[in-house]
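Reader: I have a structure open and would like to go through it in short questions. Please keep the answers plain.

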Amino acid sequence: FRSYPQFAAKLTSSTTLRDGRPTLVIQRSEDLDQIFLRCIQDCVSEFLASHDTEIDCYDRILVAVPPTINRASMAEALGAPADRICAPNASDRDPFTSSVAALWECLANAEPMESGVRWLIVAAGAGIEIGCVEYQH
């Protein structure tokens, strides 16, 4: 887990009333996706080094990122084949900090896992904060 407070102003949120209902308002810098990718690359590199492993050791890489970050960009940032990347489907709705929950739908829809399959799970959230964990079935 890493926090990148130097980028905190790149992603802000507040609530406001719209039609009498509280609404979450998210403001993003235009370069936010690139910042997320750089922070993810940094955090994953540190994670791999601290676990004495390489990205190629993972059968699947599950990522919780804003839907504006595509699979090819994520694969390039991580140095992994795009077909190993599993991410929630992009839609007209951004799960924002609920993207980890959206990840489990992706995991549930993945092909059945055999024993010994290794997953790298990467989550990006507001702050900017990045978390990594390994899951082995």
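Reader: In which loop is D19 placed?

Author: This is a predicted model. D19 has a phi near 55°, a positive value in a residue that is not glycine. The place of D19 is the loop between β2 (11-18) and β3 (21-28).

Reader: Is D19 buried or exposed?

Author: The cut-off for exposed is a relative accessible area over 50%. D19 has a relative accessible area of 82%, so D19 counts as exposed.

Reader: What is the mean pLDDT of the protein chain, and which element has the lowest mean?

Author: Over the protein chain the mean pLDDT is 85, and 81% of the residues reach 70 or more. Where pLDDT is low, the predicted coordinates should not be read in detail. Among the elements, α1 has the highest mean, 95, and the lowest, 66, belongs to helix α3 (residues 99-109).

Reader: What is the phi of D52, and where does D52 lie?

Author: D52 lies in the loop between α1 and β4. With a relative accessible area of 74%, D52 is exposed. D52 is a residue other than glycine with a positive phi, near 50°.

Reader: Is T53 buried or exposed, and which residues is T53 in contact with?

Author: T53 also lies in the loop between α1 and β4. Buried means under 20% relative accessible area, and T53 is buried because its value is 15%. Leaving aside neighbours within four places in sequence, the contacts of T53 are L48, Y58 and R118.

Reader: Which residues does D59 touch beyond its sequence neighbours?

Author: D59 is found in the loop between α1 (32-50) and β4 (60-64). At 35% relative accessibility D59 counts as partly exposed. Not counting residues up to four places away in sequence, D59 touches R84, G116, V117 and R118.

Reader: How many Å separate the side chain of D59 from the backbone nitrogen of R118?

Author: R118 is one of the residues that D59 touches. A polar atom of the D59 side chain and the backbone nitrogen of R118 are the two atoms in question, and they lie 2.7 Å apart.

Reader: How many Å apart in space are D59 and L120?

Author: In sequence, D59 and L120 are 61 residues apart. From C-alpha to C-alpha, their separation in space is 8.2 Å.

Reader: Which residue meets R118 in a salt bridge?

Author: The side chain of R118 has its partner at 2.9 Å, N to O, in E134. The pair links distant parts of the chain, with R118 in strand β6 (residues 118-125) and E134 in strand β7 (residues 129-136), 16 residues apart.

Reader: How many residues of β6 are buried, and which are they on each side?

Author: In a regular strand the side chains alternate between the two faces of the sheet. On one side of β6, R118, L120, V122 and A124 are buried, and on the other W119, I121, A123 and G125 are buried. β6 is thus mostly covered, with eight of its eight residues buried.

Reader: How many bridges join β6 to β4, and how many pair β6 with β7?

Author: β4 and β6 run parallel, joined by five bridges, and L62 stands opposite I121 in β6.

Reader: What phi does G127 take in the hairpin of β6 and β7?

Author: The hairpin has three residues between the strands. There G127 takes a positive phi, near 135°.

How values were computed. Residues are numbered from 1 along each chain as its sequence is written. This is a predicted model: local features need pLDDT of at least 70, side-chain atom pairs count only at pLDDT 80 or more; totals for chains, interfaces and linings use all residues. Side-chain values use heavy atoms; hydrogens and water are left out. Helices (H or I, at least four residues) and strands (E, at least two) are DSSP runs, numbered from the N terminus. Buried means under 20% relative accessible area, exposed over 50%, partly exposed in between (1.4 Å probe, protein chains only). Contact means heavy atoms within 4.5 Å. A polar contact is a pair of N or O atoms within 3.5 Å; within protein, one must be able to donate a hydrogen and the other to accept it, and residues adjacent in sequence count only if both atoms are side-chain atoms. pLDDT is the predictor's confidence in each residue, from 0 to 100. A salt bridge is a side-chain nitrogen of Lys or Arg within 4 Å of a carboxyl oxygen of Asp or Glu. Two strands pair if DSSP finds at least two bridges between them.
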